[in-house]
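This report describes the architecture of a predicted model.

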Amino acid sequence: MSGSAGHSVNWVGFVTIVRKEVTRILRIWGQTIVPPAITMTLYFIIFGELIGRRIGDMGGFSYMQYIVPGLVIMSVITNSYGNMVSSFFGAKFGKHIEELLISPLPNWVILAGYVAGALLRGLMVGAVVLAVSLFFTPIEVQHPLVMLSVLLLTAIVFALAGMVNAIFAQKFDDIAIIPTFVLAPLTYLGGVFYSISLLPEFWQGVSVFNPILYMVNGFRYGMLGVSDVSLALSYGVILAAAAMLFAWCLYLLHRGTGLRS
Amino acid sequence: MGAATLHTWWMYALEVDDLRKTYKNGVQALKGISLAVAEGDFFALLGPNGAGKSTLIGVVSSLVTATGGEVRVFGTSIREERSRAMSCIGLVPQELNFNQFEKPLEIVVNQAGYYGIPRATALQRAEKYLKQLNLWDKAQRPSRTLSGGMKRRLMIARAMVNEPRLLILDEPTAGVDIEIRRSMWEFIRGINDRGTTVILTTHYLEEAENLCRNIAIIDQGEIIQNTDMKSLLATLDVETFVLDLRESLAECPRVDGMEIVMTDGRTLEASLPKQKSLNILFAELDRQGIQVLSMRNKSNRLEELFMRLVDRNQAALQAPQERPA
């Protein structure tokens, strides 16, 4: 294929994968969009309203306002990861991933298409959760570009992590283990509900090894203008994670791990 | 260059040279296979279950990674220029491998997108092939609701949407009733007539005999026969016919130079060497007062040859192991 023909094939292929993913997300909206909205509404009611009133202010904001960025980024993380892992593993399990594997599309286009699909689901759910939060508390976004860039990069990181999980998974149990035993604890301990300054010194030291802390705080800085860690460090951690996972995914796709015999 | 040594490479839709595949569990599925399929050919790739046919197709379509050797599609190495080589191929796999929650139209249009075909063209082509395969009225139904034969035809429509120069069909008619099978043959024959090279694997040898011009038989990871269909069928030195008789016989008749077996009182199986005429058999039976009501081949000619070749190969492979130490 000549250069321009190759670009055209890649672009049409990329758009096709994204369209297919979005169609899937919207077709099963009752499983993809509604549950996070309901879960987050419960979080706002229980943690924000009922418990939050007794906690008082945190970082100069009401507790309800303080947890909004964390809950938005938590749903973005869960949904971008979940979309990638369920869609890609589903395609592998049902063997229709072969439609892509026999096509002329290079691996990076396949990866980019699936990541874009997962990113869009993360954004859709993030937007829904943010809209729900506005029923409970007013939010004035301080740094919209920071907020948006951290959101996009975080979704990309977890989409890529979901791809690694899906590639190695051999049965449906394998795609539930990481979200349950790794992702959920790291998210809850990543400063979604509290500032790490409240923790004893030892646990503050432990927390800095949790990459999700940097995503939550980067996003919180974008939204509220406060953070437990420096913004530069947040970007550094997120970009490093994205680059490392992207390289790992491409390597696995190139080797055909879990996909080609 | 192996099989392609005597020819220029661009004449071939597919060249396979010393292809090897050993799986992680140690199974040697391909033991240095070489073959060439000319552009425009209708080529049969036959072999018993587990012979290596699907592995070979898997390597050609890049679903299986070869341990050694080379594959070129229209002169393009799949290892060096995978994208270019894959853009020439359409594959109908043995197992259903589409998303059963999607609709046939979505499946075909998406496949076109993976080959870089713009959506407007993809929709036109999808309509064309779904209509040709009598699936257009089912285009908007969830594909899981289609019958087995429809699902097979859907996979053919999907493989055709990029209008491949090389179409590989891995048992496309498995489990399909005879009426649909015949309509699929017509469709595939039409595709080949319009210039598409077709490689077919099937367990219906009558299908291969009717459709294909050239043939390779693979057994235990090796090519044991690779020739044109006519030459192969010409090597069949004995043909067996089943004769249904008007009246029951007490004993089996004898005819010089032919082997006759009485399977029951009113059925004979006559094996004729190729140089013997059927007229001799009928004249002799008539002389003995035996009236034949109908006659048919015991099995089709390719099937008979196939069984002999595979049996001979397996006997040859077992022979050294059975020799006493």
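## Contact between the chains

Two residues are in contact if their C-beta atoms, placed from the backbone, lie within 7 Å. On this basis, chain B contributes 26 residues to the contact and chain A contributes 23 residues. On the side of chain B that touches chain A, helix H2 (82-86), strand S6 (89-92) and helix H3 (104-114) each supply at least two residues; H3(B) gives the most, with four residues. Helices (H or I, at least four residues) and strands (E, at least two) are DSSP runs, numbered from the N terminus.

By class, this side of chain B comprises twelve nonpolar, twelve polar and two charged residues. Here Ala, Val, Leu, Ile, Met, Phe, Trp, Tyr, Cys and Pro count as nonpolar, Asp, Glu, Lys and Arg as charged, and the others, Gly among them, as polar.

## Basis of the model

The model is predicted, and local features need pLDDT of at least 70, side-chain atom pairs count only at pLDDT 80 or more, and totals for chains, interfaces and linings use all residues. Residues are numbered from 1 along each chain as its sequence is written, while chains are lettered from A and ligands numbered from 1 in the order in which they are written.

## Domains of chain B

The domain assignment, with bounds from an automatic or database source, divides chain B into domain 1 (2-233) and domain 2 (236-301). The C-alpha centres of domain 1 and domain 2 of chain B are 41 Å apart.

## The six-stranded sheet

Six strands of chain B form an open sheet with mixed pairing, in the order S6-S7-S8-S3-S9-S10; two strands pair if DSSP finds at least two bridges between them. S6 and S10 of chain B are the edge strands, each pairing on one side only. Neighbouring strands of this sheet are turned by 15 degrees against each other on average, direction ignored. Axes are lines fitted to C-alpha atoms, for helices over the stretch in contact, and angles run from 0 to 180 degrees between N-to-C directions.

S6(B) runs parallel to strand S7 (residues 166-170) of chain B, with four bridges between them, and Val92(B) has Leu169(B) as its bridge partner in S7(B). Helix H5 (residues 148-160) of chain B lies across S6 and S7 of chain B, at about 170 degrees to S6(B). Ile215(B) has Thr227(B) as its bridge partner in S10(B). The hairpin of S9(B) and S10(B) has two residues between the strands, and Gln220(B) there takes a positive phi near 50 degrees.

## The H3-H4 helix pair

The axes of H3(B) and helix H4 (residues 119-132) of chain B come within 9 Å and cross at roughly 130 degrees. H3(B) and H4(B) are therefore oblique to each other; angles under 35 degrees count as roughly parallel, over 145 as roughly antiparallel, 65 to 115 as roughly perpendicular and the rest as oblique. By class, the contact of H3(B) with H4(B) has ten nonpolar, one polar and two charged residues.

## The four-stranded sheet

Four strands of chain B form an open antiparallel sheet in the order S12-S13-S11-S14. Its edge strands are S12 (259-264) and S14 (292-297) of chain B. Strand S11 (residues 238-245) and strand S13 (residues 267-273) of chain B run antiparallel and are joined by seven bridges, with Glu239(B) opposite Leu272(B) in S13(B).
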